[in-house]
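Work through the exercises below with the model open. Try each task before reading its solution.

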Amino acid sequence: NTIVENLTFRHFTDKGVSVGGSDDCIVRNNHFEHNVTGVSAWNSANVLITNNTFNHQLMKSIALSASSDFDVQNSVVEKNQMTNTAMYPLYGRRYDGVYQGIGISVFGRAYTVRQNTIENTSHAGMNLKNDGHHLIENNVIRRALLLLNDGGAVVIGANGNRIIGNFLLESVGNVDESNGCGSTTNDPCMHHPSYGMGIGANNNFKDNVIEGNTVANNVHQGIRLNAFINTTVRNNVIYNNKNQIVIEDKKGPSHSNVVEGNIIYPLHPDQIGLSLTNDTNHGSFDNNFYCNPYSEVVVIREKKRYALAHWQSAFAPLDKQSKS
């Protein structure tokens, strides 16, 4: 039942506020700057982190975590503003191929993260891990991946998440030498190409819902799912990304997914609407609106290009009610 409010936390070499094993705590109306991590919560139920401002945390702005058998109950992170997270090169924490420069890391099970603004992060805006089933709702995440590659405004690394009503914009994917090596063990050093996505994902996850989001102006993919099962991509507006929706089978087959009611709109001649790898039955597609100002091509499947009428004819009943 502790309330931490109206304070400034500056220059802490670990965390500004650490809530560990303490229930019903509130952290609100505080300012955090130049700490390694602003706020962390571990194995604590009914934690509320709200209306705080974070600027220039060295590794993470907010870190949520819990053991797999712990019920966080109604733990909520809402209405916080985070800017410039981990934007000083080398000040984060590194392990093989990964640099933890993240706006909000969401580990554990069933946290609610809503109505936050995250701008300018070195790596991912938000990372969803462990037991998943998190609700990520009505957040604005802009300009992730400013120093590193291979991630997104939101990275999915767990099952059962609901990503609803967010604005996921302008992820970059830096490719100059500040990107560092993609591995700490490879010699010579391996550099990732530019992977700055709206929704990026690790592989082999299921039962996620991606609904009602605006995903735009990301340098690489809008929404990328790799070896995903029973995931719904519904009623999103996706435009001006390299590829708007990508479903891949690089780490196993993607299947039983639903892609429906989306507005899919490239804004450059080299951009693609829907890209599918292999000839796998990835799931059902319908009631989408495909647009391409430069040609009739709206879908690529196994490197073959299709106009909508051709796609509907070749793979009936996919996209039977969709329009272009």
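**Exercise 1: Sheet pairing**

Val215 has Ile238 in S28 as its bridge partner. The model is predicted: local features need pLDDT of at least 70 and side-chain atom pairs count only at pLDDT 80 or more, while totals for chains, interfaces and linings use all residues. Residues are numbered from 1 along each chain as its sequence is written, and side-chain values use heavy atoms, with hydrogens and water left out.

Solution. Start with the pair. Strands are DSSP runs of E, at least two residues, numbered from the N terminus. Two strands pair if DSSP finds at least two bridges between them.

Now widen the view. The open sheet has 11 strands in parallel pairing, ordered S2-S5-S8-S11-S16-S19-S22-S25-S28-S31-S34. Strand S2 (8-10) and strand S34 (289-290) are at the edges; each has a single partner strand, so one side of each lacks a neighbour in the sheet.

**Exercise 2: A covered strand**

Task: how many residues of strand S23 are buried? Which strand pairs with S23 over 5 bridges?

Solution. In strand S23 (residues 196-201), 6 of its 6 residues are buried. Buried means under 20% relative accessible area, exposed over 50%, and partly exposed in between (1.4 Å probe, protein chains only). The 5 bridges go to strand S20 (residues 151-156), in the parallel sense. Within this pairing, Val155 stands opposite Gly200 in S23.

**Exercise 3: Salt bridges between strands**

Task: which residue forms a salt bridge with Arg114? Is that partner buried or exposed?

Solution. The partner is Glu78, with the closest N and O atoms 2.8 Å apart. A salt bridge puts a side-chain nitrogen of Lys or Arg within 4 Å of a carboxyl oxygen of Asp or Glu. Arg114 lies in strand S15 (residues 112-114) and Glu78 in strand S10, so the bridge ties parts 36 residues apart in sequence. Glu78 is buried, at 13% relative accessibility. Arg114 is partly exposed, at 27%. Beyond four places in sequence, Glu78 also touches other residues, including Leu48, Thr50 and Asn116. Contact here means heavy atoms within 4.5 Å.

Compare another pair. Glu248 and Arg224 meet through their side chains in a salt bridge (2.8 Å, N to O). Glu248 sits in strand S29 (residues 243-248) and Arg224 in strand S26 (residues 221-226), so parts 24 residues apart in sequence are tied together. Glu248 is buried at 7%. Arg224 is buried at 15%.

**Exercise 4: A loop residue**

Task: where is Lys129 found, and what does Lys129 touch?

Solution. Lys129 is in the loop between strand S17 (126-128) and strand S18 (135-137). At 25% relative accessibility, Lys129 is partly exposed. Leaving out residues up to four places away in sequence, the residues in contact with Lys129 are Val106, Phe107, Gly108, His134, Gly157, Ala158 and Asn202. Finally, take a C-alpha separation: Lys129 and Asn159 are 30 residues apart along the chain, with 8.4 Å between these atoms.

Methods
Helices (H or I, at least four residues) and strands (E, at least two) are DSSP runs, numbered from the N terminus.
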